[in-house]
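Please keep the sequence and the structure in view while reading.

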Amino acid sequence: MKKGAVSEDKGKNPVSAVMLSVLGAYLVTAVIFIIYAALLTYTGLTEKYMQTVITVTAGLSVTIGGFACGRAVKKRGIVWGVLTGLMYGVIMIITGNITTPDFSLGSKTALILLVSLCGGGLGGVWGINL
């Protein structure tokens, strides 16, 4: 390479980056849920805030996943971040449908999906720009 020439890093394969980012987002989710479960078990904390914890955890986890995906792909961060959020949300809905007998798509599910899409897009943009 010539002196002073700029190399253009193409980044990782977007599909594998999305898959790894979703996996990472679920690892963050698992850690937060384990901590919350321990707090519920060993303190006087009640389940009153469970929906809030789930929503905030989904947003935080998928933002981290979108950030990781944006850093890995190095282009179109919002697209790959939103796709990361979409996969996270869809997997969560499928898992909920399988594990919960009275599962129904409602406003809480839509909120989780919306938070996942927005968090992923935001994380993807941050991943590209930071």
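The largest nonpolar core of this predicted model consists of seven residues, namely Ala17, Val18, Val22, Cys69, Ala72, Val73 and Trp80. Two elements each give two or more residues to this core: helix H1, which covers residues 14-42, and helix H2, which covers residues 50-73. Another core, of five residues, lies apart from it and includes Ala25, Ala58, Tyr88 and Ile112. As general background, nonpolar side chains tend to be buried together in soluble globular proteins.

**Overall architecture**

- The secondary structure comprises four helices and zero strands, and the order of elements from the N terminus is α-α-α-α.
- Taken along the principal axes, the C-alpha atoms of the chain fill a box of roughly 65 × 30 × 20 Å.
- The chain has 130 residues, of which 30% count as buried.
- Among contacts in the chain with a separation of 6 or more, 77% are accounted for by residues 24 or more positions apart.

**Helices H3 and H4**

- The axes of helix H3 (residues 77-99) and helix H4 (residues 107-129) come within 7 Å of each other and cross at roughly 150 degrees.
- An angle over 145 degrees counts as roughly antiparallel, and H3 and H4 are therefore roughly antiparallel to each other.
- The crossing in which H3 passes H4 is right-handed.
- On the H3 side, the residues that meet H4 include Gly77, Gly81, Gly85, Tyr88 and Gly89.
- On the H4 side, the residues that meet H3 include Ile112, Ser116, Gly120, Gly121 and Gly124.
- By class, this contact of H3 with H4 contains 12 nonpolar residues, nine polar residues and no charged residues.

**Helices H2 and H4**

- H2 and H4 pack at an angle of about 30 degrees, and their axes are 6 Å apart.
- Angles under 35 degrees count as roughly parallel, so H2 is roughly parallel to H4.
- H2 passes H4 in a crossing that is right-handed.
- Among the H2 residues that meet H4 are Gln51, Ile54, Ala58, Gly66, Phe67 and Arg71.
- Their partners in H4 include Lys108, Leu111, Ile112, Gly120, Gly124 and Trp126.
- The contact of H2 with H4 divides into nine nonpolar, 12 polar and two charged residues.

**Helices H2 and H3**

- H2 and H3 pack with their axes 8 Å apart, at an angle of about 140 degrees.
- That angle makes H2 oblique to H3, and the crossing of the two helices is right-handed.
- H2 contributes Thr57, Ala58, Ser61, Val62, Gly65, Gly66, Cys69 and Val73 to this contact.
- H3 contributes Trp80, Gly81, Thr84, Gly85 and Tyr88.
- The residues of the contact of H2 with H3 comprise six nonpolar, seven polar and no charged.

- Is Thr29 buried or exposed? Thr29, which lies in helix H1, is buried, with a relative accessible area of 3%.
- Leaving aside its neighbours within four places in sequence, Thr29 is in contact with Thr57, Ser61 and Tyr88.
- Thr57 and Ser61 are also among the H2 residues that touch H3, and Tyr88 is among the H3 residues that touch H2.

**The loop between H2 and H3**

- Lys74 is located in the loop between H2 and H3, and its phi is near 70 degrees, a positive value in a residue other than glycine.
- Because its relative accessibility is 42%, Lys74 counts as partly exposed.
- Arg76 also has its place in the loop between H2 and H3; its phi is near 45 degrees, again positive in a residue other than glycine.
- Arg76 counts as exposed, because its relative accessibility is 53% and exposed means over 50%.

- Leu60 is found in helix H2, and with a relative accessibility of 44% it counts as partly exposed.
- Leu60 and Gly96 are 36 residues apart along the chain, and their C-alpha atoms are separated by 19 Å.

How values were computed: Residues numbered from 1 in each chain as written. Predicted model: local features only at pLDDT ≥ 70, side-chain atom pairs only at ≥ 80, totals over all residues. Heavy atoms only, no water. Axes fitted to C-alpha atoms, helices over the stretch in contact; angles between N-to-C directions. Parallel < 35°, antiparallel > 145°, perpendicular 65-115°, else oblique. Left-handed = near helix turned anticlockwise from the far one by under 90°. Contact = heavy atoms within 4.5 Å. Nonpolar A, V, L, I, M, F, W, Y, C, P; charged D, E, K, R; others polar. Core = buried A, V, L, I, M, F, W, Y, C linked by side-chain atoms within 4.5 Å. Buried < 20%, exposed > 50% of the residue type's maximum accessible area, 1.4 Å probe, protein only.
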